[in-house]
Amino acid sequence: MPEYKVGLENITTKDAYLNSRPIWGRIINFYFYKIFLNFITFSPRRQFLILAAFPIVWLLTQHLGPMLQMLRVSLLEAYPVAEGTPHSFTIDNYIRFFGDYIFWMPFFRTLIFATIFTVCTLVLTYPVAYYLARHVSRKNQMLMLLILLIPFWVGEIVRTYAIMIFLGNTGAVNLVLKWFGLIERPIPFMYTGFSMGVGIVYLTALYMLLPLYSALEKLPKSYTEVAADLGAGAWVRFRKITLPLTLEGISSGCILVFLISTGFYATPVLLGGPSTTVFAETIAGFFHYAGDEWPTGAAFAVIMFLTALIITFLFYRLMKVLRKGDT
Amino acid sequence: MVSRNRIILSCTYWAFVLYIFIPLILMIVMGFKDSKFIGFPIKSWTFDWYISIFSDYEIIYSFGYSILIAIFSTLISVIIGTWIAVLLEGRKFWGWSPVFGLMILPALVPGIISAIAFRIYARWLGIEPGMGAIIWAHAVHNVPFVTIVVMARLSTLPKSQIEAARDLGADPLLTFIRITLPYLIPAILGASIFCLLLSFDDFVRSFFLGDYNATLPVLIFAMLRSGMSPEINAIATIALILTAAIGIWAERFTRKTNKDNKI
């Protein structure tokens with residue numbers, strides 16, 4: 001026993017640590033662990049390179065790769081490239097889009113619809129976010145926000161189907177209208193731009209609501225109170241204080257909703273009709289069959305993506321200018 | 001004056017809640033209607049549609065198939081997403097912004113375009129359409145969501161904890177395993193639930209990268225194209241209850257751990 005006590009006095013912090021946690025102690029004293037550790041922590045530089053190597057490779061091959069490959073295929077004359085023949089590049093696939101006005105209609109329809117739906121979502125969710133952030137007590141806020149979040153856990157297809165039932169000829173809307181005696185025959189909501197709009201707003205509302213809510217929540221109540229004390233009316237307070245200071249939330253919400261609504265495929269197929277074909281359906285059409293139409297489809301997808309990116313970028317710049325101009 | 005505004009705003013909120021919930025409630029109700037025809041009025045009720053989907057091999061199979069895909073893709077995206085988050089939340093390095101931009105890219109690409117890009121890339125890589133391709137596409141698509149959530153959590157990790165561990169003689173790797181990783185667990189769990197649901201609900205990628213085996217959303221889509229039936233209501237209701245329950249549970253869980261950590 002005495003020897004043991006002598007030993008205890010000489011125990012270093014590290015040993016004490018090792019004794020208290022035998023598993024970890026055994027692991028870090030394990031020969032291969034030490035070799036591995038020395039290898040990765042040889043120098044800060046090497047440590048960083050080892051940490052960074054895998055993510056960089058992943059990002060380049062998996063995140064950027066599909067985009068670049070799509071761009072490459074869109075420039076090919078034929079895909080898959082027949083063996084033995086050289087890769088011949090061409091811009092015919094892009095010219096096909098600009099040369100045939102059949103493709104313009106769905107293209108511009110997609111952009112116009114996406115813009116309209118984005119504005120509708122903004123107008124619809126702004127009061128809701130405002131109410132939640134400004135008029136509800138802290139404790140109820142979370143609960144009331146959570147109520148709105150529940151349906152958004154449910155998938156795209158299920159919610160689209162719910163809208164189909166909602167707007168159908170014998171659906172709830174028609175039933176209520178009939179009940180009030182406003183109509184005699186059901187209004188055919190379905191398979192029009194209207195039903196598609198209701199569906200897409202239904203699917204994207206959350207992506208608008210959350211940025212708006214967090215922007216409004218950050219805005220101190222005292223700002224509008226000061227303005228009210230100085231004699232500003234409700235409209236002026238909203239126009240001069242609340243709106244300019246939440247422009248950031250508005251712009252990120254709008255960008256998200258715009259990008260998402262250009263990419264919907266199932267919802268327009270199920271809720272839209274022949275007169276509301278969107279570009280996503282046109283693009284998808286090239287991929288339902290065997291390979292030789294792929295380059296055209298890829299070119300169309302590139303055109304769609306670039307246009308959406310340019311529009312969002314211009315919108316972002318505009319918002320930035322507005323923000324600077326107002327504050 | 002102020003109270004009038006308040007009443008109008010609260011009406012808007014409740015109208016919005018109705019808009020969000022009525023279609024779903026309607027869908028659930030129609031699943032119990034004793035008639036092939038969807039719509040009002042409802043004369044009698046039945047459980048037959050639920051019984052019939054539980055005896056349908058195809059539906060049960062696609063349900064399990066979707067869950068399997070969700071689990072595998074989540075495992076991949078959680079590991080990779082966390083790794084990227086640790087890299088990005090560490091010291092700023094040359095080229096940080098492009099790396100961040102690349103990381104977020106799959107979440108910003110519109111659905112159809114991302115599906116097509118994955119389809120083309122899978123063919124180039126030699127991945128056959130099917131389960132593997134869907135898992136891969138879902139994994140890549142979900143990485144940004146994991147990274148964002150984990151980065152947010154990592155930014156609140158007190159530096160003093162790391163320093164204390166290092167002062168006590170722990171090496172960088174051990175510090176990561178025993179300090180950083182346990183601290184990240186709530187975020188990682190939350191992110192994995194989110195990924196599971198994203199993958200389970202995903203339609204576009206599963207549709208373009210799948211073979212003849214359909215995932216649940218693809219199956220519902222195929223059934224819908226051939227006409228509405230109360231069976232679809234029953235399947236959709238089960239999917240809805242399952243996803244909503246998991247979502248609410250995860251939401252409460254993350255909220256609770258956030259609260260615990262603040263104290």
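**Exercise 1. Find how far apart the C-alpha centres of domain 1 and domain 2 of chain A lie, and describe the contact of the two domains.**

Step 1. In this predicted model, 40 Å separates the C-alpha centres of domain 1 and domain 2 of chain A.

Step 2. Locate the domains. The domain assignment places domain 1 of chain A at 2-92 and domain 2 at 95-326.

Step 3. Count the contact. Ten residues of domain 1 of chain A meet ten residues of domain 2. On the domain 1 side, helix H5 (residues 44-74) of chain A gives the largest share, four residues.

Step 4. Sort the domain 1 side by class. Eight residues are nonpolar, one is polar and one is charged.

**Exercise 2. Classify the packing of H4(B) against H6(B).**

Step 1. Take the geometry. The axes of helix H4 (residues 96-108) and helix H6 (residues 131-154) of chain B come within 7 Å and cross at roughly 120°.

Step 2. Name the arrangement. That angle makes H4(B) oblique to H6(B). The crossing is left-handed.

Step 3. List the residues. H4(B) brings B:Met103, B:Ile104, B:Pro106 and B:Ala107. Among those from H6(B) are B:Val140, B:His141 and B:Phe145.

Step 4. Sort by class. The contact has eight nonpolar and two polar residues, and no charged ones.

**Exercise 3. Describe the side of chain B that touches chain A.**

Step 1. Count. Chain B puts 67 residues into the contact, and chain A puts in 73.

Step 2. Find the contributors. Helices that each supply at least two residues include H3 (57-89), H8 (172-201) and H11 (230-262) of chain B. H1(B) gives the largest share, 16 residues.

Step 3. Sort by class. The chain B side holds 54 nonpolar, eight polar and five charged residues.

Key: Residues are numbered from 1 along each chain as its sequence is written. Chains are lettered from A and ligands numbered from 1 in the order in which they are written. This is a predicted model: local features need pLDDT of at least 70, side-chain atom pairs count only at pLDDT 80 or more; totals for chains, interfaces and linings use all residues. Axes are lines fitted to C-alpha atoms, for helices over the stretch in contact, and angles run from 0 to 180 degrees between N-to-C directions. Angles under 35 degrees count as roughly parallel, over 145 as roughly antiparallel, 65 to 115 as roughly perpendicular and the rest as oblique. A crossing is left-handed if the near helix is turned anticlockwise from the far one by less than a right angle, and right-handed if clockwise. Two residues are in contact if their C-beta atoms, placed from the backbone, lie within 7 Å. Ala, Val, Leu, Ile, Met, Phe, Trp, Tyr, Cys and Pro count as nonpolar, Asp, Glu, Lys and Arg as charged, and the others, Gly among them, as polar. Domain bounds come from an automatic or database domain assignment.
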